[in-house]
Amino acid sequence: MNNTRAERLMSNAGGLDAIVIMNGVDPFLDSTFWYLTELTSGAFEGSAAIVRRDGGMDVLVSELEAEAAASCKGDVHVYYSREGRDKCIADALKGSHRVGFNTHSVPYSAVEHVRRVAKGVEVVDAAPAVMATVEVKDEKEIGLIREACRISSRVAAEIPDMLSEGVTEKEVAFRMDSRMRELGGTGNAFDTISAFGSNSSKPHHAPTGYRLKEGDTALFDFGSRYGRYCSDMTRTVFLSRPPGILERAYETVLEAQTAGVERYMDGAPARDADLAARDVIEKSEFKGRFIHSFGHGIGMDVHQGVSVSPRSEHILKEGNVVSAEPGIYIPGVGGIRIEDTCLITKGGCERLTDFDRRITFV
């Protein structure tokens, strides 16, 4: 991968004259802007990266971000007013007809504004080109994800020491978040899930004041952010011995994850990993209890690009980073999930997160 990221984007663009990445105001911030510019700080609200057919890139920023933008890739243009920004957009798109936008992130109003400013452009959906580009990580990206995974793995190893009878879900989530920062993380990849007892059967449970008690499941889904890149992992442990059905569920999930990860390799259909894991669970006493997909792509966004589901049409590529996260959920009893962040390689995959996956009793 010797080409620039902007050049790689346009190689996937199907002959578009330009692609406009608009970085609006939260929640319309697009990680693709930071991907292309390789900036690591600054808010850059109201900024844009406009990539031309030849891979050249104009980066439009306000006076507020001029100093922070000095180190970015591309040609920086500083605007001082709304009118100045509009002129920068028109100049950057001069001569362009078919212009792509990342429709996964840009609001309709922003697209319409560009169409008014740069008269005569035909709006095209560039989201597939963006996804095809960012889902294959370069060595710099892989290094940053490795560090994010190292941080979350360290925290996972410390979870048993954070647990004792009477501690609350919120308290443990706070300790985990603090430790990720102390170990060098620049933020959470997403809000930490800390779920005890029957709450663990809810895949997206938000931590509460529920207090851990003997026999409870304790499920944690969390990730660190480092250099804007994410890790994602889940571990499930028990405070002493749980009901037998949960021990059996744990062993089934572990077997399912192993079966799915064995299907992770360059050139393999992504759905094969899901189907292999799902087959293990469907043939067990827990048929119908695996209620989400096996995995998803991970990058600057914790859900990015690749879908690892029964209906996925993705073909895995060397450089993809994906999760492997089967689960079993029994309402009113508890849930089990085991998740790792994995790097797809030529001959298989590498687990980037690391903590003993064998059943753990605290």
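Colleague: Are Phe196 and Phe220 buried or exposed?
Modeller: In this predicted model, Phe196 and Phe220 are both buried.

Colleague: And how are the rings of Phe196 and Phe220 placed, edge-to-face or stacked?
Modeller: The ring centres of Phe196 and Phe220 lie 6.0 Å apart and the planes stand at 75°, so this pair counts as edge-to-face. Phe196 belongs to strand E8 (residues 193-196) and Phe220 to strand E9 (residues 217-222), so the pair ties together parts that are 24 residues apart in sequence.

Colleague: How do E8 and E9 run, parallel or antiparallel?
Modeller: E8 and E9 run antiparallel and are joined by four bridges, and Ile193 has Asp221 of E9 standing opposite.

Colleague: Which way do the residues of E8 point?
Modeller: Ile193 and Ala195 point one way from E8, while Ser194 and Phe196 point the other way, and all of them are buried. As background, side chains in a regular strand alternate between the two faces of the sheet.

Colleague: What does the lining look like by class?
Modeller: Sorted by class, the lining of the largest pocket consists of five nonpolar, six polar and five charged residues.

Colleague: Back to the rings, how many aromatic pairs are there?
Modeller: The count comes to six aromatic pairs. In one of them, Phe33 and Trp34, the ring centres are 5.7 Å apart and the planes meet at 85°, so the pair is edge-to-face. Phe33, Trp34 and Phe44 form one aromatic cluster.

Colleague: Why do Phe33 and Trp34 count as buried?
Modeller: The cut-off for buried is under 20% relative accessible area. Phe33 counts as buried because its relative accessibility is 0%, and Trp34 counts as buried because its value is 6%.

Colleague: Changing topic, what is the order of the strands in the open sheet of six?
Modeller: The six strands of that open sheet follow the order E4-E3-E2-E1-E5-E6, with mixed pairing. Its edge strands are E4 (75-79) and E6 (122-125), each of which pairs on one side only. On average, neighbouring strands of this sheet are turned by 25° against each other, with direction ignored.

Colleague: How many bridges join E2 to E3?
Modeller: Four bridges join strand E2 (residues 47-52) to strand E3 (residues 57-62), and the two strands run antiparallel. Ala49 stands opposite Val59 in E3.

Colleague: What is the order of the strands in the sheet of three?
Modeller: That open sheet has the order E7-E10-E11, and its pairing is antiparallel. Strands E7 (187-188) and E11 (229-230) are the edge strands, each pairing on one side only. Strand E10 (residues 224-226) is joined to E11 by two bridges, and Arg225 has Cys230 in E11 as its bridge partner.

Colleague: Last topic, which residues cover the two sides of E17?
Modeller: In strand E17 (residues 334-337), Gly334 and Ile336 are on one side and Gly335 and Arg337 on the other; all are buried, and both faces of the strand are covered. Strand E16 (residues 327-330) is joined to E17 by four bridges, and the two run antiparallel. Arg337 is the bridge partner of Gly327. The hairpin of E16 and E17 has three residues between the strands, and in this hairpin Gly332 takes a positive phi near 80°.

Definitions and conventions:
Residues numbered from 1 in each chain as written. Predicted model: local features only at pLDDT ≥ 70, side-chain atom pairs only at ≥ 80, totals over all residues. Heavy atoms only, no water. Nonpolar A, V, L, I, M, F, W, Y, C, P; charged D, E, K, R; others polar. Pairing = 2+ DSSP bridges. Axes fitted to C-alpha atoms, helices over the stretch in contact; angles between N-to-C directions. Phe/Tyr/Trp six-rings, centres within 6.5 Å; stacked < 30°, edge-to-face > 60°. Buried < 20%, exposed > 50% of the residue type's maximum accessible area, 1.4 Å probe, protein only.
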